[in-house]
Amino acid sequence: MFLKTDEMTRNGQTIILFELSALQRISHLEYLKNIEAIEEGDFQKAMEVTVQTGAWVVAMSLWHGHTLKGTLPEGAVAEYVKIQQEVLSTWPLELIAEADFRVKQLSGMLPPPDEDVVADDAAPEAAPVSAEKSLPVS
């Protein structure tokens, strides 16, 4: 298998996270597209969708090493859904968020941390500002 892995430890248990495959990344985009539009100001729905989406990413990652892999006649997506439900019902929110972030990092779905910070000396210098007005010469 060519996918990168990362380990997390929680309460003495080791969780192996896998990089998402190219097909899983496409599946993730389809999942996001199919999520119901959230009305502005509906914070409850926004939080619910955020948690479900994080659990979806984690489920796709865990699927590579899960005993459910390849067992359902409906295919991988049905297996992702079962694993997602398992994650949602047994994992705390903080662990889902951390695992979601780490899987996205592992899968190259987030920019490297250093790209977010722009050094001050890299910013273009502005022309000096003067309060004097130039008067026409007669």
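Author: Leaving aside neighbours within four places in sequence, Gln 52 is in contact (heavy atoms within 4.5 Å) with Tyr 31, Gln 84 and Leu 88. The model is predicted, so local features need pLDDT of at least 70 and side-chain atom pairs count only at pLDDT 80 or more, whereas totals for chains, interfaces and linings use all residues. Residues are numbered from 1 along each chain as its sequence is written, and side-chain values use heavy atoms, with hydrogens and water left out.

Gln 52 has 30% relative accessibility and therefore counts as partly exposed, the class between buried (under 20% relative accessible area) and exposed (over 50%), with a 1.4 Å probe and protein chains only. Its C-alpha is 10.0 Å from that of Ile 35, 17 residues away in sequence.

Gln 52 lies in helix H2; helices are DSSP runs of H or I with at least four residues, strands are E runs of at least two, and both are numbered from the N terminus. Among the buried residues of H2 are Thr 53, Trp 56 and Trp 63. Their cover includes strand E2 (13-18), helix H1 (22-34), helix H3 (76-90) and H4.

H2 (residues 43-63) packs against H4 (residues 93-106) at about 60°, with axes 8 Å apart; axes are lines fitted to C-alpha atoms, for helices over the stretch in contact, and angles run from 0 to 180 degrees between N-to-C directions. In this packing, Val 51, Gly 54, Ala 55, Val 57, Val 58 and Ser 61 of H2 meet Leu 93, Ile 96, Ala 99, Asp 100, Val 103 and Lys 104 of H4.
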